[in-house]
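Hi,

Here is the structure I promised to pass on. Have a look at it first, and then read my notes below.

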There are 2 protein chains.
Amino acid sequence: METGKIDFIPGGTVTSPEGFFAGATYAGIKKTEDSLDLGILFSEAPCVTAGLFTSSKIKSAPVKLCQERLKEGRAVAVVVNSGCANAYTGERGLADAAEMAALTAERMGVSSGDVLVASTGVTGRRLPMELIKAGIEQIILSRDGGHELAKAIMTTDTVPKETAVAVKTGGGEFTIGGVAKGSGMIHPNLATMFCFLTTDARVELDFLKSALRKAADVSFNMISIDGDTSPSDTVLLMANGQAGNEPITAGSQGADTFQQALDQICIYLAKALARDGEGATKLIEVTVGGAKSVAEARLAARAVVSSTLVKTAVHGGDPNWGRVIMALGNSGVEIAESKIDLYIGDVGVLKGGRVLPFNEESVVRAFNQSEVTINLHLNLGKASATAWGCDLSEEYVTINSEYTT
Amino acid sequence: METGKIDFIPGGTVTSPEGFFAGATYAGIKKTEDSLDLGILFSEAPCVTAGLFTSSKIKSAPVKLCQERLKEGRAVAVVVNSGCANAYTGERGLADAAEMAALTAERMGVSSGDVLVASTGVTGRRLPMELIKAGIEQIILSRDGGHELAKAIMTTDTVPKETAVAVKTGGGEFTIGGVAKGSGMIHPNLATMFCFLTTDARVELDFLKSALRKAADVSFNMISIDGDTSPSDTVLLMANGQAGNEPITAGSQGADTFQQALDQICIYLAKALARDGEGATKLIEVTVGGAKSVAEARLAARAVVSSTLVKTAVHGGDPNWGRVIMALGNSGVEIAESKIDLYIGDVGVLKGGRVLPFNEESVVRAFNQSEVTINLHLNLGKASATAWGCDLSEEYVTINSEYTT
């Protein structure tokens, strides 16, 4: 394994990498006037670009547009809005997404085919194209506009999510930045979330695609808020090569470090999404070790972190550890009751399937931390996986009972 | 199709069929003193008996005992308790379940191997055997004890669930009764629920098993409260033959009518479970038609009724119909966006994938009924299925945050 150096950049954003610009405005799509709802991310040089999209059979118009345009793995800009998802809007929705890209291309002076689109918000409503047109004309791009973009993509998110890392390898130095939104409908396999990742590294397309998929598998595909998936989920990774490093390809110098840095930034953003789930008051981290395969470990960790009963028990600080075992039992993975170890925080609850003489109050305390860790060891194999989620609160219900009204 | 007659019996219970007795007591297992927590269901003649159990890999001790004892398809009594599930209790739990059966057999003067056991409540705690022993000695059985049994199996249920039907066929008359509990953790494929069904019909074992599975597939396997499954789920069907009808076997006179009656009673109880889901204020009925196969229709109907976002939208009367489409898209079933029809209550929302000019207020009204119906037509085939669930309320979270404490 090569030795690179990866450092998180204080205040890092999606425009931390060289050559990236962003800006945002309030176009009037959202109801709340003192917010941002339309933004552009732009690279001064064309980007090798990879994307991952919703697994839903219902895909929003922007997702369809991106999937088509990314066939050649190239983009220079992304225009994004919150407040309206442009999903389930038929042919007119596709035309609206294409027009949104064309308006952006015109303003930036680039080819329309190089502009990607992402929209989040209510499903089944058309975009207010007049507002979007006027908004695009108002946006001012700047090198430090990443934070504005982070705010413009928020829906029920309570905080913007963004970061960047500085990476040093034998093949040169580069930066990776990222911005994400989530909040509700976050579930394994990309539920309603956006993540736009940028890097000034020079990276070959096939490696970039593979690296993004691997990073998503240990991050965005391992978080769950409420088990639902949106038609709009979009993860993009744009590499503009401005750092001048030796090109990164599979097996090249810097490839491992690039993957590690990308994994770290994606896990950072994924945890931020889970922590800010709708109504969430706690981050839950579930690690399953000793599984027969990584697939089984992943399945089990996600099952526990997704369980409504685990989420409510954590919310209320209820030391009902049986729910963790129940969720494990329902996951479908192979288990032997007499082999399971369970820790909640640092409290040993089960050892070899036997209940340890632990203090219930100590489990209550572990559940009342802002970050709750649950560790299961199946003692059947060597594979492990970690998943993240959040507690389920009364406020989640309140938020989702009133969304459009 | 034969023509039989099926009538629901006002005030019908699990002891409505001839030869069945029940009784219950407060043994002290639950914390609430003015409740019942231990009961016995007994038949004066041995019963041909079929059972269905949890799909979880973690099975409670009583489930393991029942599965073993039902290999020969015979039982005369069931002893049940609420307050403690005797799950994840290892070898001592199995011994406790066996002792609970033996104590009941002794009191009833029957063979211990003919007694089944069902326990519901907290996982990972041992049964208080002294209380159970004293309780079993106190129970008085009677022909009208069915209602007491219905109360004794309740946990967070707010109302007892029970009914019975009188059936007339060319081969004779008989009665089927049933009692159920559920409330939380109700999900397709038998989540935490009990249902004890009795009949005085003479029924051959293989047919009884097949009929029970078919009935569960259109009822208990089509309801969802919160997506979790307990280690304790138990459905039993006991037939004692006291009605003296011609024996019912596959294809015999009365077989179709028996199946229909069993389906009806199971659907009645399943809907009662969904309506009384923890914190539920509304029953949601989702029918998916025009699917390519029954399996796809079932999958789609269950996906919509299980969606947290659909459940919260219905709870709040939020006319955000896009969530129904989103849940359908995530179900994995084959769909064509341009073919979908959607009705909420009697309001047409989509026709051939196009949004109809409906009044949002009328959807709000439909969502504010105590029974909310959602009809989807995929227009791809001829198969259909119906699933039931309930809304997700703030109270659900409150109940489940405080369960053991």
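**What I found**

Let's start with B:F196, which sits in strand β8 (residues 194-199) of chain B; helices (H or I, at least four residues) and strands (E, at least two) are DSSP runs, numbered from the N terminus. Before going on: this is a predicted model, where local features need pLDDT of at least 70, side-chain atom pairs count only at pLDDT 80 or more, and totals for chains, interfaces and linings use all residues. Residues are numbered from 1 along each chain as its sequence is written, chains are lettered from A and ligands numbered from 1 in the order in which they are written, and side-chain values use heavy atoms, with hydrogens and water left out.

B:F196 counts as buried because its relative accessibility is 1% (buried means under 20% relative accessible area, exposed over 50%, partly exposed in between; 1.4 Å probe, protein chains only). Leaving aside neighbours within four places in sequence, B:F196 is in contact (heavy atoms within 4.5 Å) with residues including B:V14, B:L41, B:V78, B:I153 and B:L236. The C-alpha atoms of B:F196 and B:L236 are 4.9 Å apart, although 40 residues separate the two along the chain.

Elsewhere in chain B, seven strands make an open, mixed sheet in the order β9-β16-β11-β15-β12-β13-β14; strands pair if DSSP finds at least two bridges between them. At its edges are β9 (223-224) and β14 (354-355) of chain B, each pairing on one side only. Strands β12 (residues 341-344) and β13 (residues 347-351) of chain B run antiparallel and are joined by three bridges, and B:I344 has B:V347 in β13(B) as its bridge partner.

Over in chain A, helix α1 (residues 61-69) packs on helix α2 (residues 90-108) at about 60°, with the axes 8 Å apart (axes are lines fitted to C-alpha atoms, for helices over the stretch in contact, and angles run from 0 to 180 degrees between N-to-C directions). Among the residues making this contact are A:L65 and A:R69 of α1(A) and A:L94 and A:A98 of α2(A).

Cheers
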